[in-house]
Structures are given as structure tokens and as C-alpha cells.
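Subject: Structure handover

Hello,

Here is the structure you asked about. My notes follow below it.

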Number of protein chains: 2
Amino acid sequence: MPLIQEIRRHHNLAELAREHGFRLTTQRRLIFSILESASTHMNAKEILAQARRVDPGIDQVTIYRNLAVLKKLGVVDELDLLHLRGDQHYYEARQDRPHSHVACLQCGKVMEFSSPAMDKISTEIRDELGFSISFMRVEIGGACAECRRKTPLTSPQTKANQNVSRSKKLN
Amino acid sequence: MPLIQEIRRHHNLAELAREHGFRLTTQRRLIFSILESASTHMNAKEILAQARRVDPGIDQVTIYRNLAVLKKLGVVDELDLLHLRGDQHYYEARQDRPHSHVACLQCGKVMEFSSPAMDKISTEIRDELGFSISFMRVEIGGACAECRRKTPLTSPQTKANQNVSRSKKLN
DNA sequence: TTATTGTTGCAAAAGTTTTGCATTAAGAAA
DNA sequence: TTTCTTAATGCAAAACTTTTGCAACAATAA
């Protein structure tokens, strides 16, 4: 990322925070910068792990409280990625362009996709419902090209099968 | 709902379940019928409460396990409604037409909205990514017409403020 | 530099979702 | 219909994630 833009962004965060009576603590700045430079969507635990590489004393609670603040400020969005990766929430720094998350239900890969049709939808909603949109999330589930040939549905709840979801979370 | 369609749907569920090796238990049928006739999105607790009016002995676990199965079968979708109502998940029977959820960030109202532009997006994703879409979820946050004049952002984390989210869940 | 009060960390609690296991019951086969 | 196989249920307990209370700390403005 170009330095100029980075400076501008941080300046904006400081200003934004001050405007709304929030303080810009080192932890808050750290958490935001992690999301800003993240290449994938991260959940609270992942954010914590990465934050501890810089500030080993930082606590989970601080992550949660700051994600809440950053969401309020509108600089971070919360996703659930269709619950493909478990029931946790995922976060990303808000981007300039709205985009869709396209998730493969089989391999779990998540791609991003932007299109003018999304603007079309927002215009319609503004015009037809009198609704003022502040953000938009599009999540799409299906099968990616590579997974097309695999089995389309998992089998019934057998003992072995019931263990999958929780254990997926653990590692 | 017309009787014919109701019969057809239940027939489909039975067939779908059998095809995939799932059994059609009374509890499963009950849970699906609750979602099918629900006018709003329901979370697990609400589904449980309503199910107990018919089958008082039904357990929470059965709700969770069946929601998982119904999701696998593709007849139920899981939403988080932008976490406006807390962090739980919400469920709805899958509808014939894809639709958007338009949620007011201030009053919490959730409206539904359909548009051909949604089909446009799915066509693009199919063509440009080679992705086979099985469903699509659009969630939009903003301010509804009625809420436009209220304050756009809540103030900092004061003691009083921190209590809001959890206590909202409790009642 | 000082006063104010938002913020952090720690420990504990709350709430939701999952697991283990014995028992029950759906659905195919006899 | 009856029998047989095994998916599904219910109960109790556990596992996780997220929130709360509170004393100590630190970011801002005066």
C-alpha cells in the first residue's frame, strides 16, 4: 500500500474516533492495522494471535471491545461467511467498493467479486424503499469450478460425521 | 398457503431426505413446518419454544441437529441479520426467489427485497468465475425512512452502554 | 502538568452450540 | 406385519465464544 494512502487512512481513523468521543489507543490502532493489511477475513481468535505478536499482553476482551468500536465507526465489517468455517464471526476492514463473497460449499474457499449490478441493487433499494444504505453484504454459496465433480452433499449424521464441525474449529 | 403446494412441499422434503439417507422424523417435520410457515426469521431458541407447543418433550439439541440437516438439504438458510439482534443465528425456509434483507441499523427492522439485478449478479459470477451458485444472500444495512433523523452513531463505551447488547438478548 | 473519563486486563460469568451415550423409532427387508 | 439395522432423540455434561465487573491505566483536553 502506498505510504500516502496509509497515512491518510490512519489520519481518518484518528479523526473519526475523536469525532465520536473514542480514544485512539495503541491497541485499537494495532487491531485496525491488522485488519487493514489482512489478506483474508479473520476471526477474533486469529486477530488476537496476530496482535499478540506485537503486543503479547493484549487480551481477548480488548479484541472484542475494539471490533465493536471499529464496527460502530464503520471502518470494519463483520461477516459470518455463510457459517462455512464454523459459527464464529469474521472481520474485514471496510473497502472502498462493495463486493460479494463467493464461497464454495465444498472446499470452503472464499472469493471476492465486485460488479456494477451491486450498485444497481443499492439504487433500487434507495429509490423504492426510501432507505439510506450504509453498507451492503453479498454472500453467495455454491460450487467452485474445481469442486464441480465431487459429491454434492454430505451423508447423514453418523457418529463420525457429527464430530466434524467442532473439531474443525479447534485447530 | 394453498393445500396443493403444501402437500407438494412436504412430499419434496420426504423425498429429499430419503435420497440422502436422512429419515423424516416427526421432530424434523415439525421443525421444518415451523420455518415454512414463519413470517419472520427465527433463532434456535424461538424455534424451540414454538416446537414445544406441539411437542413439549422436544430438546434444544434436536433443534440444532435438525437445522444442520435441513441446511444440508438446502431447504433452510441460516442468516445472522448483520448481528443487529445479537450474535445468534437466524433461520428461514429457502424461498423460490432470492431476496435481500434490508436492515435498519437504528430500529432493527428487517425488510425483504427482490430484484432482477440479483439475477444479473449471479449470471456474472457463473460466467466470470465458473462458479455454480446454489444460493445467494444479500444483506444491506442502513437507515430506514423513519429513522433518518435520529443520531447516526452511538456514543463511546460507557458503563451504561456496555450493558446493552447482552441484556437485549435476555428478554 | 493535571484532571477527566474512556480503555485495558484479569477473573469470572453468561449464553450458545456441540458431544457422549443409552434408548427410541424410521424405513427397508423378510 | 414383523424384524432388523442404524439414524435420530433426549438428557446431562462439556466446549467455546462473547460479555461483564472492577480496579488500575493512559489518552485527551484544559
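Among contacts in chain A between residues at least 6 apart in sequence, what percentage join residues at least 24 apart? The figure is 53%. Please keep in mind throughout that this is a predicted model.

Chain A overall

Chain A contains seven helices and six strands. Along the sequence their pattern is α-α-β-α-α-β-β-β-β-α-β-α-α. Chain A has 171 residues, of which 40% count as buried.

The three-stranded sheet

Three strands of chain A form an open sheet in the order β1-β3-β2, and the pairing is antiparallel. The edges are taken by β1 (42-43) and β2 (76-79) of chain A; each has a single partner strand, so one side of each has no neighbour in the sheet. β1(A) is joined by two bridges to β3 of chain A (residues 90-93), and the two run antiparallel. In that pairing, A:N43 has A:Y90 of β3(A) as its bridge partner. Helix α2 of chain A (residues 26-37) packs on this sheet and touches β1, β2 and β3 of chain A. The direction of this helix makes about 85 degrees with that of β3(A).

Salt bridges

A:E78 forms a salt bridge with A:K71, with 2.3 Å between the closest N and O atoms. A:E78 has a relative accessible area of 7% and is therefore buried, whereas A:K71, at 30% relative accessibility, counts as partly exposed.

A:D77 and A:R94 also meet through their side chains in a salt bridge, at 2.7 Å from N to O. A:D77 belongs to strand β2 of chain A and A:R94 to the loop between β3 and β4 of chain A, so this pair ties together parts that are 17 residues apart in sequence. With 12% relative accessibility A:D77 counts as buried, while A:R94 is partly exposed at a relative accessible area of 26%.

In chain B, B:E78 forms a salt bridge with B:K71, and the closest N and O atoms are 2.3 Å apart. B:E78 is buried, with a relative accessible area of 6%, and B:K71 counts as partly exposed at 31% relative accessibility.

The six-stranded sheet

Which strands make up the open sheet with mixed pairing? There are six, in the order β5(A)-β4(A)-β6(A)-β6(B)-β4(B)-β5(B). β5 (110-113) of chain A and β5 (110-113) of chain B stand at the edges; each has a single partner strand, so one side of each is left without a neighbour in the sheet. From one strand to the next, the twist averages 20 degrees.

Within chain A, β4(A) and β5(A) run antiparallel and are joined by four bridges. One of the pairings there is A:H101 with A:E112 of β5(A). α5(A) lies across β4, β5 and β6 of chain A together with β4, β5 and β6 of chain B, at about 130 degrees to β6(A). α5(B) also packs on the sheet, touching β4, β5 and β6 of both chain A and chain B, and its direction makes about 130 degrees with that of β6(B).

Nonpolar cores

The largest nonpolar core has 28 residues, and A:I140 and B:I140 touch the most other members. At least two residues of this core come from each of β4 (100-104), α5 (116-129) and β6 (132-143) of chain A, and likewise from each of β4 (100-104), α5 (116-129) and β6 (132-143) of chain B. A second, separate core has 23 residues, including A:A17, A:I31, A:A44 and A:I63.

Helix α2 of chain B

The 12 residues of helix α2 of chain B (residues 26-37) should span 16 Å at 1.5 Å a residue, and the end C-alpha atoms are 16 Å apart, which agrees. Its buried residues are B:R28, B:L30, B:I31, B:F32, B:I34, B:L35 and B:E36.

Regards

Definitions and conventions:
Residues numbered from 1 in each chain as written. Chains lettered and ligands numbered in written order. Predicted model: local features only at pLDDT ≥ 70, side-chain atom pairs only at ≥ 80, totals over all residues. Heavy atoms only, no water. Expected span 1.5 Å × (residues − 1). Buried < 20%, exposed > 50% of the residue type's maximum accessible area, 1.4 Å probe, protein only. Pairing = 2+ DSSP bridges. Contact = heavy atoms within 4.5 Å. Axes fitted to C-alpha atoms, helices over the stretch in contact; angles between N-to-C directions. Core = buried A, V, L, I, M, F, W, Y, C linked by side-chain atoms within 4.5 Å. Salt bridge = Lys/Arg side-chain N within 4 Å of Asp/Glu carboxyl O.
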